[in-house]
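Please find below my note on this structure.

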Amino acid sequence: MSELLGVAVLGAGHMGADHIRRLDRGVSGARVAAVADPDTRRAEAAAAGIEGVRVHADVEAALDAPGVGAVLVASPGPAHEEALLAAFARGLPVLCEKPMVPDPEGALRVVEAEARLGRRLAQIGFMRRYDAEYRRLKALLDSGRLGRPLMLHCTHRNVSSPPGFTSAMLVDSSVSHEIDAARWLLGQELTAVTVLRPRSSAAAPQGLIDPQFVLFESEQGALADVEVFVNCGFGYQVRCEAVGESGSARIGEDHGMQVTGGGDTCREVPQDYLVRFADAYDRQVQDWVDATRRGAVTGPSAWDGYAAAAVAEAGVRSLEDGRRATVDLAPRPGPHIA
Ligand SMILES: NC(=O)C1=CN([C@@H]2O[C@H](COP(=O)(O)OP(=O)(O)OC[C@H]3O[C@@H](n4cnc5c(N)ncnc54)[C@H](O)[C@@H]3O)[C@@H](O)[C@H]2O)C=CC1
Ligand SMILES: O=C1[C@@H](O)[C@H](O)[C@@H](O)[C@H](O)[C@H]1O
C-alpha cells in the first residue's frame, strides 16, 4: 500500500484546520488533496504550505478534485447531511465530525442512504471512543469487574462557548459526546431524557441556558447524569465515573502537568478539547486512514450518529419545559450494515 489516501476536507475552521494539519503531518498514509470552505481565505490559510492541495469555495468541486479518495467533513452540523449524501453519491468513504446531522430526520436520511448502498461508508467523529482513558473504562466495564453498570456521572465543561452557540447546542452538540459515550460504555440505547436548568451563570452570553443538568435513562434501567457548562471560564474538564454493582471507576481527573514550586503544588488545566483529546483525534484519524486504505470502514457508524441525534432531540424537547421526554428511535434499517 504505497499510494497515499487523498482526502478532501470540507470546512477549514477550528476542527477542519486541526484535521488538515493532522492529515498533513500527524498521521501516516494520507495527504490533503482538496479543501472546501465558502470562506476561501480560511481554506487557503489552513492549506498553506501543503503541496498539491486545491482550495475550493464549493463542496462538490472539492469532492471531484483529482486524487480525492475520501472525505473528512468538518463544516458546521447543519451542512453535514448534504456533504454526506454528496460523498455517498460518489462512493467516497467519509469521516464526519459530530453531530453527524443535528436533526434526527436528516440523520435517518443518511442512515437510509447508506443502507441503500448496501455497505458502510461513514465513520462519525465521536473521538472519545479513541481516548486511552475511555477505552480503559470500556474494557473494565466489559470485563464485568464492576458488576452490572448502574450509573454514569459525567461532567463536560468548556471555558467559553463560540459565537452563535444556542441553548439547544449544549445538548445536541456538546452533550452529543456523552450520549455516544453512554451508549457505547453501557452497550444500551438511551430511552428517555430530562434536562433541568440550574440558574444560568452570569458569564453565559445573554439568553443562553448554561449550565444544564441532563439525565438519561437506558433501556436496561441505568441512569447517566451530565453537568454541561460551556462558559465555566476555568478550564476544559471532561470526567466520567461509572458505578456498577460491585465497584466504581473514574476517568478524566489527571490532565495537565503537576507543577511544584514556592511551597505549592498545582496542576495545569487544559483549556480546550484540542489539547485534552489531541491523542484521541490522532488515533481516530489514523484508524480511519488505515481502514480506508484497506477498503474497510470501522468506528462509530451512521446509526450511532442517528441514535445520538434522536436522543439529543428528546433532550431539546425536555429543555423547553423540564419534563421527561422519551426518545423516538426509528427501527434500524436492515440488513444491518451499521
Ligand atoms: N470532535 C470534537 O471534539 C469537535 C467537533 N467539532 C465539530 O466540528 C465541526 C466544525 O466545528 P468548528 O470547526 O468548531 O466550526 P468553525 O465555525 O470553526 O468552522 C466551520 C467552518 O466551516 C465552514 N463552512 C460553513 N459552511 C460550509 C459548507 N457547507 N461546506 C464547507 N465548509 C463550510 C465555515 O466557513 C468555517 O470555516 C462541527 O460539526 C462541530 O460540532 C467542533 C469542535 C470539537
Ligand atoms: O465537540 C465539541 C464542540 O463542538 C462543543 O461545542 C464542545 O462543548 C465540546 O467540548 C467539543 O468536544
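The numbered points follow, with conventions at the start.

1. The model is predicted: local features need pLDDT of at least 70, side-chain atom pairs count only at pLDDT 80 or more, and totals for chains, interfaces and linings use all residues. Residues are numbered from 1 along each chain as its sequence is written, and chains are lettered from A and ligands numbered from 1 in the order in which they are written.

2. Around ligand 1 there are 24 residues, of which Gly 11, Gly 13, Met 15, Ser 75 and Ala 79 come nearest. A residue is near a molecule if its C-beta atom, placed from the backbone, lies within 6 Å of it. Helix H1 (residues 14-26) gives the largest share of this shell, three residues; helices (H or I, at least four residues) and strands (E, at least two) are DSSP runs, numbered from the N terminus.

3. The shell of ligand 1 contains 11 nonpolar, eight polar and five charged residues. Here Ala, Val, Leu, Ile, Met, Phe, Trp, Tyr, Cys and Pro count as nonpolar, Asp, Glu, Lys and Arg as charged, and the others, Gly among them, as polar.

4. The surroundings of ligand 2 consist of Asn 158, Ser 173, Ser 174, His 177, Val 230 and Tyr 273. By class, two are nonpolar, four polar and none charged.

5. Eight bridges pair strand E7 (residues 149-157) with strand E11 (residues 237-244) in the antiparallel sense; pairing requires that DSSP finds at least two bridges between two strands. Within this pair, Met 151 stands opposite Val 243 in E11.

6. Strand E12 (residues 248-251) runs antiparallel to E11, joined by four bridges. The bridge partner of Val 243 in E12 is Ser 248, and a hairpin of three residues joins E11 to E12.
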